[in-house]
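Here are my notes on this one, as numbered points. Have the model open beside you while you read.

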Amino acid sequence: MSNPHHLRYSKEHEWLSAAEDGVSTVGITEFAANALGDVVYAQLPDVGSTVAAGETCGELESTKSVSDLYSPVTGEITEINEDVVNDPSLVNSAPFEGGWLFKVRVTEEPADLLSADEYTAQNAG
Amino acid sequence: MGRNDLARHAFALGDDRPMSSTEIRRTALDALHRSLGATMTDFAGWDMPLRYGSERDEHVAVRTKAGLFDLSHMGEITVTGPQAAALLNFALVGNIASVGVGRARYTMICQADGGILDDLIVYRLAETEYMVVANASNAQVVLDALTERAAGFDAEVRDDRDAYALIAVQGPESPGILKSVTDADLDGLKYYAGLPGTVAGVPALIARTGYTGEDGFELFVKPEHAVELWQALTEAGEGVGLVPCGLSCRDTLRLEAGMPLYGHELTTSLTPFDAGLGRVVKFEKEGDFVGREALAAAAAKAQENPPRVLVGLIAEGRRVPRSGYTVVAGGEVIGEVTSGAPSPTLGKPIAMAYVDAAHAAPGTEGVGVDIRGSHEPYEVVALPFYKRQK
């Protein structure tokens, strides 16, 4: 699997798109989706709520487990992916595209976001 | 997502108590699983396929077409000798002496206090030869108990865990697939029967058993024949939708079929009567057996003062109950979830749970599961969740 170079990554396996008008898109990586197995339920943050970098903002349930969802950045949620709420398997089939989770108006970015190469190296280690 | 979540996930399958040995065991099909891109998991000390692709797709394939499983982690123990039947009647709770040659029986081995050590399938291979199949996590415990209980019997207990690989083909297409690679009389092979034969050119014990709720077969072969057999079955099933299946879908298949899993629905602190499986205990058989006295008391108690009852729960919402979550009603704890998963067949989360008898009737109102602090509503149903159309 390859991690797109136009995205940045958190150590916790979220990806973050470059901001457009201050808004970035967030999802989980293919590595994470594969590790989880079939995602069956996504609890996403409410639109308008504030999320903080590195803090829990939702959860993803798969066949065998439930995992906390962390936000890679601090900001306000502007949109959630209703398609994923209705069909959580999108997280598995298109983690970097149709399986995105939420959009956030970024107010603060942590300094330790990873490049695609750095993130790939982390998972290899 | 967190690193710990992923780590936890990798080990979140079934009975994963640590083994005394730290060395991980690999089956004869290990390289093949890796070449198929399987996600592997540590299961009872074995490195086993968790899934090859989507576990939901694998589950659906077994319900509608067919699936191929490596179950070589299961523990085979051979019992032979003039008193093999007498030994097993003493050591196990079932009437093993009454099992006909070529037939199999689901049974249990209990402690003297009635607690369940393991659930087993016993195959009678010959008049004086049986094969006992134990769960991987309990194989050593069962072997030790049988060996100890064999004292004074003219019978030999043999550890055959390394003598067999076990490949299962399960699902409605499985008889057709198997027929294309064997001349054995499969039509004459009933559910819970086993016969020696040749499959794809290799000698096999062909058993019509499984843990999926579907028709299917389990094939015990020598480890050196496992790859050849797996490949032959893969080719034979190519046109009818056979897919390799991992332990993840095996767990959801057995859960839908209401089948207990040791370490979840069955433990040493429960008797077969507590688990609603008192029918496996045969008091009428000849002679004494380990646990008889305690089990007779457990049977009487179950009549007068029913213990918690194993029930099915179906979610009204989409959050999934997990093993160990509490079952609640009117703000009180009334039980505990033993297994839970999203059900591919029902399209909803399901669970098995032990609940107080007062809340165990199907349709009981107001029952919920505490899912990480919020009480989600659940419907109480009788098990199983799924029964195949015959």
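Predicted model: local features only at pLDDT ≥ 70, side-chain atom pairs only at ≥ 80, totals over all residues.

1. Start with strand 15 (residues 309-315) of chain B, which pairs with strand 18 (residues 348-355) of chain B in the antiparallel sense over six bridges. Pairing here takes at least two DSSP bridges between two strands, and the elements themselves are DSSP runs numbered from the N terminus: helices are H or I with at least four residues, strands are E with at least two.

2. Residues are numbered from 1 along each chain as its sequence is written, and chains are lettered from A and ligands numbered from 1 in the order in which they are written.

3. Next, an open sheet of five strands in chain B, in the order 6-7-8-5-9 with antiparallel pairing. Strand 6 and strand 9 (156-159) of chain B each have a single partner strand, so each has one side without a neighbour in the sheet. The twist averages 30° from one strand to the next. Strand 5 and strand 9 of chain B run antiparallel and share four bridges, with B:Thr78 opposite B:Arg158 of strand 9.

4. Helix 4 of chain B packs on that sheet, touching strand 5, strand 6, strand 7 and strand 8 of chain B, and its direction makes about 125° with that of strand 5 of chain B. Angles run from 0 to 180 degrees between N-to-C directions, with axes fitted to C-alpha atoms, for helices over the stretch in contact; contact is C-beta atoms, placed from the backbone, within 7 Å. Helix 4 (residues 84-91) of chain B is largely enclosed by the rest of the structure, because seven of its eight residues are buried. Among them are B:Leu87, B:Leu88 and B:Phe90. The cover includes helix 5 (139-149) of chain B.

5. There is also an open sheet of six strands in chain B, ordered 11-12-13-10-4-14 with mixed pairing. Its edge strands are strand 11 (194-199) and strand 14 (242-244) of chain B. Strand 12 (residues 202-207) and strand 13 (residues 216-221) of chain B pair antiparallel over three bridges. Helix 7 (residues 226-237) of chain B lies across the strands of chain B, including strand 10 (165-170), to which it runs at about 10°.

6. Last, helix 3 (residues 55-64) and helix 8 (residues 247-256) of chain B: their axes come within 8 Å and cross at roughly 55°. That makes helix 3 of chain B oblique to helix 8 of chain B (under 35 degrees is roughly parallel, over 145 roughly antiparallel, 65 to 115 roughly perpendicular, the rest oblique). Residues making the contact include B:His59 and B:Val62 of helix 3 of chain B, and B:Thr252 and B:Leu253 of helix 8 of chain B.

Conventions: Contact = placed C-beta atoms within 7 Å. Buried ≥ 20, exposed ≤ 12 C-beta atoms within 10 Å, placed from the backbone.
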